Amino acid sequence: MLTEHIVQITDHRCRLIFGRSFSRILSPVHIGLHCVQDNPADRPTMATIVLTLNSDFVTLPLPQRP
């Protein structure tokens, strides 16, 4: 499961700061996976990134494997 992999690669201090709120850890990772897509049309705009980071309700679809 993706959450388990994220927990394994995140610094233990992040887990201490965010506790069990994996969404606060997953969101930047999820956005990063979108930003490395091979096709530039599949990458989010900066406005979308900012909106996603600042909102608890806006989410991006699952990214394709780059």
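**View 1. Aspartate 42 lies in the loop between α3 (22-35) and α4.** This is a predicted model, in which local features need pLDDT of at least 70 and side-chain atom pairs count only at pLDDT 80 or more, while totals for chains, interfaces and linings use all residues. Residues are numbered from 1 along each chain as its sequence is written, and side-chain values use heavy atoms, with hydrogens and water left out. Helices (H or I, at least four residues) and strands (E, at least two) are DSSP runs, numbered from the N terminus.

**View 2. Surroundings of aspartate 42.** With a relative accessible area of 37%, aspartate 42 is partly exposed; buried means under 20% relative accessible area, exposed over 50%, and partly exposed in between (1.4 Å probe, protein chains only). Leaving aside residues up to four places away in sequence, aspartate 42 touches His34 and Gln37, where contact means heavy atoms within 4.5 Å. Proline 63 is 21 residues from aspartate 42 in sequence, and their C-alpha atoms are 8.7 Å apart in space.

**View 3. Arginine 65 sits in the segment after α4 (46-54).** Arginine 65 counts as exposed because its relative accessibility is 80%.

**View 4. The protein chain has four helices and zero strands.** Along the sequence the pattern reads α-α-α-α. Of the 66 residues in the protein chain, 15% are buried. Among contacts with a separation of 6 or more, 42% come from residues 24 or more positions apart.
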